[in-house]
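This report is a reading of one model, with attention to what can be taken from its coordinates. The sequence and structure come first, followed by the notes.

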Amino acid sequence: MQMSLGLIARHLPLMAAPWFMRSGAPYLVHPIVEAHAAEFQQAAPTGSFENAAAMRVPRAAHTATALSNARVLIAGGFTTKANSAQGGELYDARTVRFQPLPPMMVLRHSHSATLLPNGKVLIAGGYGAGNATLAAAELFDPTTGRFTSTGSLLASRAGHMAVLLDNGKVLIAGGVGPEWSFLSSAELYDPATGTFTQTGAMTELRESHTATRLLDGRVLVTGGHRGRRADIMLYTSAETYDVRTGQFSRTGDMRVRRHKHDAVLLRDGRVLVTGGSDERDSDGAYTSTELFDSRTGTFTPGPAMRLARYKHNGTSVLLPDGSVLVAGGASQAERYDPAAGTFTLVGGAVRLNGQFSAAAPLDAGGVLLTGGYGAGRGPTVETWLYRP
C-alpha cells in the first residue's frame with residue numbers, strides 16, 4: 001500500500017518511526033513511556049512475551065482476527081509500495097508460521113475486521129489508494145482462503161468501530177469521512193443479505209473512540225474526539241446503542257477526557273477502559289483507567305496501569321482466567337487482575353512496538369501480538385507470543 005508521509009502525519013501525528021521525521025530529526029518513543037518503563041523495571045511479571053515468526057510484510061494499523069483451527073487472519077495496514085500486493089496473510093499456531101493469501105479486493109488500513117457467526121470475516125472501510133476513505137467492504141472465507149466483495153458501506157469511513165451484535169449483524173459507527181469530516185452516523189451489516197442499512201446516529205461525532213458489546217446486548221461507546229489540531233475536542237461522554245430500538249442514548253460520563261484508548265468487557269459485566277491520551281498525544285498519554293458498571297450507567301476510577309499507553313485499541317484481551325492482557329500502546333505489556341484490582345508488568349526479554357499493533361487470542365490463554373510502530377521503529381514484520 002503506497003501512503004504519503006503527509007497523510008500519515010495527519011492521521012498519526014506523533015508516529016515513532018525512523019523514516020518519519022519531525023523538524024528534521026527522527027521522532028522516537030516519548031519520554032513518559034521510557035520513564036515508566038525504567039520506574040517499574042523491578043515489578044514482578046505475570047506471564048511472558050517471546051519473539052515469534054515474522055510476518056511476510058511490515059504492518060501497522062492492520063487487523064488480526066482469530067479464526068477456527070488455531071489460525072489468525074492478518075489484514076491490511078501500512079506497508080511499503082513494494083509490498084502493497086500482499087494485503088493479507090494467515091498465521092497458523094500449529095506450524096507457528098505465516099502463510100500468503102490471495103490478494104484482498106481493496107488494499108486498506110485503519111479499517112475494521114469482524115468475525116461473523118458463519119466463520120467469515122467482514123472487512124470494512126479504512127483508508128485506501130489516494131489516501132481516500134473507503135466505502136468498500138469484503139469478506140474473507142477461511143474455507144477457501146479467498147477474499148470476495150460484499151455490499152458497500154453507506155458512508156465511506158476510516159477509524160470507525162465495528163461490533164458483532166447478538167442478532168448476528170455488525171454495528172459500524174463513527175470514524176472519519178471524506179476531507180477529514182468526523183462522523184456520528186452508524187450502519188448495520190446483515191450477513192444474510194450482504195448489505196448495509198442505516199441505523200440511529202451517535203449523539204456525538206467520534207473518532208478514536210471504543211465500542212464494546214455488553215452482557216445485555218447493548219453496545220457501550222466511550223470517548224474519542226472530533227476536529228483536528230487546534231480545533232480538536234476530546235470527550236468524557238459515553239453512550240449506549242440499543243439493538244431493540246436501533247438508537248443511541250447518553251449514559252454517564254467518564255472521569256477523564258480520553259481518546260486513542262481501549263476498552264474490554266470483564267467477566268462480571270463491567271467494562272475496563274484503559275489509557276489513551278489528551279490533546280498532547282504522546283506527551284499526554286495516560287496511566288489511568290476506569291470501570292463502567294452497566295447496571296448503574298456510571299464510571300468509577302480504576303487502578304493505575306504501570307505504564308502510560310495509547311493507540312492500543314483492540315489489543316486488550318480477556319484471558320480464560322478472567323484477567324486482562326493489555327498488550328499494546330507501550331514497550332511492555334501488563335496484566336490486570338480484577339479480583340486484586342491491580343496491574344502487573346508482563347515479563348519477557350522483548351521490546352514491543354506499542355502503537356497500532358493488532359492482537360488476537362490463541363488457545364490455552366495465549367495471545368498473538370503483531371506489527372505496529374514505536375520504540376524508534378516504523379511498521380514492522382515483528383510478532384510476539386504471550387504465554388500465561
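## Arginine 218

With which side chain does the side chain of arginine 218 make a polar contact? The partner is the side chain of aspartate 216, at 2.9 Å, where a polar contact is a pair of N or O atoms within 3.5 Å, of which, within protein, one must be able to donate a hydrogen and the other to accept it, residues adjacent in sequence counting only if both atoms are side-chain atoms. Arginine 218 itself is placed in the loop between β18 (210-213) and β19 (219-222); helices (H or I, at least four residues) and strands (E, at least two) are DSSP runs, numbered from the N terminus. When neighbours within four places in sequence are left aside, the residues in contact with arginine 218 (heavy atoms within 4.5 Å) are Thr212, Arg213, Thr240, Tyr241, Asp242 and Ser294.

## Basis and confidence

This is a predicted model, in which local features need pLDDT of at least 70 and side-chain atom pairs count only at pLDDT 80 or more, while totals for chains, interfaces and linings use all residues. Residues are numbered from 1 along each chain as its sequence is written, and side-chain values use heavy atoms, with hydrogens and water left out.

The chain has a mean pLDDT (the predictor's confidence in each residue, from 0 to 100) of 88, and 87% of its residues reach 70 or more. Confidence is highest in β19, at 99, and lowest in strand β1 (residues 17-22), at a mean of 26. Over residues 1-45 pLDDT stays under 50, although the model has 111 contacts beyond four places in sequence for them. Where pLDDT is low, the predicted coordinates should not be read in detail.

## A four-strand sheet

Four strands form an open sheet in the order β12-β13-β16-β17, with antiparallel pairing; two strands pair if DSSP finds at least two bridges between them. At the edges are β12 (161-164) and β17 (195-199), each of which pairs on one side only.

Strand β16 (residues 186-190) is joined to β17 by five bridges, and the two run antiparallel. Glutamate 187 is opposite glutamine 198 in β17, and aspartate 190 is opposite threonine 195 in that strand. The hairpin formed by β16 and β17 has four residues between the strands, and glycine 194 in the turn has a positive phi of about 70°.

## Proline 58

Proline 58 is found in the loop between β3 (48-51) and β4 (63-66). Proline 58 counts as buried because its relative accessibility is 16%, buried meaning under 20% relative accessible area, exposed over 50% and partly exposed in between (1.4 Å probe, protein chains only). Its C-alpha atom is separated by 7.5 Å from that of glutamate 382, which is 324 residues apart along the chain.
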